[in-house]
Number of protein chains: 2
Amino acid sequence: MTGKLPFEALSVETLATRLGTNEALCSKIGKDASAWKVREVGDGNLNLVFIVEGASGGAIVKQALPYVRLVGDSWPLPLKRSFFEYHALTRQAARAPGSVPAIYYFDEVQALIIMEYLSPHIILRRALIEGRQLPNIARDIGLFMARTLFRGSDLSMVTKERKADLALFADNVELCDITENLVFSDPYFDAKMNRHTSPQLDGLVAELRADRDLKVEAQRLKHLFTANAETLLHGDLHSGSIMVTDQETRMIDPEFAFYGPMAFDIGMLLANFWMSFFSQRGHEQKGKRDAMRAYLLDVVVETWAVFRAEFSHLWRTERTGMLYQRSLFEDQGDILAAEQALDDVLHQIWTDLLGFAGIEVHRRILGLAHNADFETIADEDLRASCEAKALKFGRHIAVNRRQIHSIDEVNNLAALIEQENSI
Amino acid sequence: MTGKLPFEALSVETLATRLGTNEALCSKIGKDASAWKVREVGDGNLNLVFIVEGASGGAIVKQALPYVRLVGDSWPLPLKRSFFEYHALTRQAARAPGSVPAIYYFDEVQALIIMEYLSPHIILRRALIEGRQLPNIARDIGLFMARTLFRGSDLSMVTKERKADLALFADNVELCDITENLVFSDPYFDAKMNRHTSPQLDGLVAELRADRDLKVEAQRLKHLFTANAETLLHGDLHSGSIMVTDQETRMIDPEFAFYGPMAFDIGMLLANFWMSFFSQRGHEQKGKRDAMRAYLLDVVVETWAVFRAEFSHLWRTERTGMLYQRSLFEDQGDILAAEQALDDVLHQIWTDLLGFAGIEVHRRILGLAHNADFETIADEDLRASCEAKALKFGRHIAVNRRQIHSIDEVNNLAALIEQENSI
């Protein structure tokens, strides 16, 4: 039935009728659609998300809407983002097996993906706000990033295939546009949809918007983001795009996928750990969060270490693309030259990820799309105090990124800022 | 007639018959095809080029062949390069009016472009070998580069249009592949099609191929070339792709066009001036070339100065794209912030162009496609001496590019190397 009629948004009421004959769904959850239980659980900014449970199991039905859900139909957004999400998920599944939900069905016209229902997984951001220490996230996310970013680049792919795929994803214009404006530009001027904790942060916000070095750096990073098509990015890899149990970690929602710089995914992800770190002070009603803060800094260290180790492993064992060919290095018996090149590549990623991380922190506090880490702090003065620290931290790592040489240095800075202002 | 039959290569004998009813051509040169004079003048590496002259004028008929002309049909090369050349020419004509030949007709199936016959223009490389000092080339090429590179980027274009165009040109895979391998990789290992002046350069060549810093830098630049899709490049902007009279300068042959880093066109172009500089010693049979050497260094200075001035002018007057938006700078009354950002962008271009220039010098001496500047020096020892100086110069500017701060510094280095070894 779907796929032939024009697009129509599903609802809790219509889902079972409209998808009752869908073979992929029926074979997963059971054929008796009249017994299906349907809930709408989309808490993101953009889409409809249904959990459908039948006699033999559950599934997720995700459907794009022709507008931004957070804002309403005054902000149209094309349905084709579902197409890009589907294609990103299939590539991520191939490059980092087990890291994303299994796909059961895709309908381009209905902008609808039926996929694995992850249970009892919860959103990582929620877990971190609750103060839960997940033991495996650093390893799982580090591996996911290294594998998808390496294997989607000219270090690994046949360049003809990368260029064709790049052309395919170049059409994901509207979602790129959201990142380009909401992340890199809007926070630094008085853009219409901005908001921040006011009046507490007014002074600092004015200061940042007058900060030449910061604004030039933000635009330089925007230039890198939009022009440097080196690999297929997740494109929105924050702690709200990751589902976890104590054992398992899955990356979801890659509808922002497109070819961009490796450092973007890593920087955005680490920024979300650092924001969680700065937000912990706001969640201490039921007890101190010292251990949670230490845990979060450890997660940052380990994520970056796992990324580096896995990326280095792939560099040594799977470097079959046209960049840094073995004919120039190992085949000449010069292993050290290949290692020197690896250090060079990792150093570039490092320098750029600090920039992206700093900007991501800013846009979550100054722009349209805030995050729950800070938003759930009811006391506005307390929230503003947490946010102010994060803003200063973000400014420092973005502007000084070429002079910062280790993750410990960044974590020490975070710890210093956190303590200093908390008096 | 063309456009309906399958591709067939033209010849001097068949051209008038096959194109005799082509309206665009007839209206330019005269309807009586039996009176047309046809010459094949293609001296490049890839294509057929005919000059067709009739009662009322002349035209160029350029046709791609399904293989690399320089190598033969053992190296197939798709006809679609003609499609990319046509589309690049139309964009260049719009962005830098008067800088490229006028297009009269394009036939995609026959891979055939009919265009303006430039006369009495000659190839710039030939003029430089002859020791001619063209007064306008620095200004004309500097303007061409600033206008095409700025106006093809997100500094100026609607980003949706740039992304769509990027996707179009991403299919120019095979010509990118030539650059990727022949320019950035083959020179640095014992690749099959390489050649160099031997045995004179054998020692230096071995040294360069064992030079870790150089090889890592070359691959880093290759990464930049293939991934950093910031603007529509000419893609092959050397002195053999420029036609000149004392008054006029026109850029031709943009079949390598694709979205890449601005610095690539500029670096390749300046490399060809520096190679001409180092080759002058080999052309002194009929008199010293001191004035010509001084002229060439002046051309380098002026080209870069004109590029900077025009790019800065466009930055201040045409920056309508999504990068470095005025809302962040001028609209906040902060002109200095916009100027700081401009300096930052120009500095990045500068650092990268030195790298591309150094690599371009190497591949013209060590790779497959040599250039006539050196090749026409019959005395092999003399040629090798000129080439050796250029190789050392290229190595220095590629590897030390981040520590070199002005064009005078580079020219002084060139002059020093030129004198030192010439004893």
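Biologist: How many bridges join strand β3 of chain B to strand β7 of chain B?
Modeller: Five. Bear in mind that this is a predicted model. Strand β3 covers residues 57–63 of chain B and strand β7 covers residues 112–116 of chain B, and the two run antiparallel.

Biologist: Which residue is the bridge partner of B:Ile60 in β7(B)?
Modeller: B:Met115.

Biologist: What order do the strands of that sheet take in chain B?
Modeller: β1-β2-β3-β7-β6. The sheet is open, has five strands and pairs antiparallel.

Biologist: Which are the edge strands?
Modeller: β1 (37–40) and β6 (103–107) of chain B, each pairing on one side only.

Biologist: And how are neighbouring strands turned against each other on average?
Modeller: By 20°, with direction ignored.

Biologist: Which helix lies across β3, β6 and β7 of chain B?
Modeller: Helix α3 of chain B, residues 81–95. Helix α3 runs at about 30° to β7(B).

Biologist: Over to chain A. What do A:Glu85 and A:Lys62 form?
Modeller: A salt bridge between their side chains, 2.9 Å from N to O.

Biologist: How many salt bridges over all chains?
Modeller: The count comes to 78.

Biologist: How many of them sit across the interface of chain B and chain A?
Modeller: Eight. One of them joins B:Asp334 to A:Arg212, with the closest N and O atoms 3.0 Å apart. Polar contacts between chain B and chain A come to 34 residue pairs, both residues being at pLDDT 80 or more.

Biologist: Which elements of chain B give two or more residues to the side that touches chain A?
Modeller: α6 (159–169), α7 (173–183), α9 (212–227) and α12 (335–366). α9(B) gives the most, with 10 residues.

Biologist: What's the make-up of that side by class?
Modeller: The side of chain B that touches chain A has 18 nonpolar, 12 polar and 15 charged residues.

Biologist: How many residues does the contact take from each chain?
Modeller: 45 from chain B and 45 from chain A.

Biologist: And what area do chain B and chain A bury between them?
Modeller: About 4400 Å², with 54% of it on carbon and sulfur atoms.

Conventions. Residues are numbered from 1 along each chain as its sequence is written. Chains are lettered from A and ligands numbered from 1 in the order in which they are written. This is a predicted model: local features need pLDDT of at least 70, side-chain atom pairs count only at pLDDT 80 or more; totals for chains, interfaces and linings use all residues. Side-chain values use heavy atoms; hydrogens and water are left out. Contact means heavy atoms within 4.5 Å. Buried area is the accessible area (1.4 Å probe) that two parts lose on being put together, summed over both. A salt bridge is a side-chain nitrogen of Lys or Arg within 4 Å of a carboxyl oxygen of Asp or Glu. A polar contact is a pair of N or O atoms within 3.5 Å; within protein, one must be able to donate a hydrogen and the other to accept it, and residues adjacent in sequence count only if both atoms are side-chain atoms. Helices (H or I, at least four residues) and strands (E, at least two) are DSSP runs, numbered from the N terminus. Ala, Val, Leu, Ile, Met, Phe, Trp, Tyr, Cys and Pro count as nonpolar, Asp, Glu, Lys and Arg as charged, and the others, Gly among them, as polar. Two strands pair if DSSP finds at least two bridges between them. Axes are lines fitted to C-alpha atoms, for helices over the stretch in contact, and angles run from 0 to 180 degrees between N-to-C directions.
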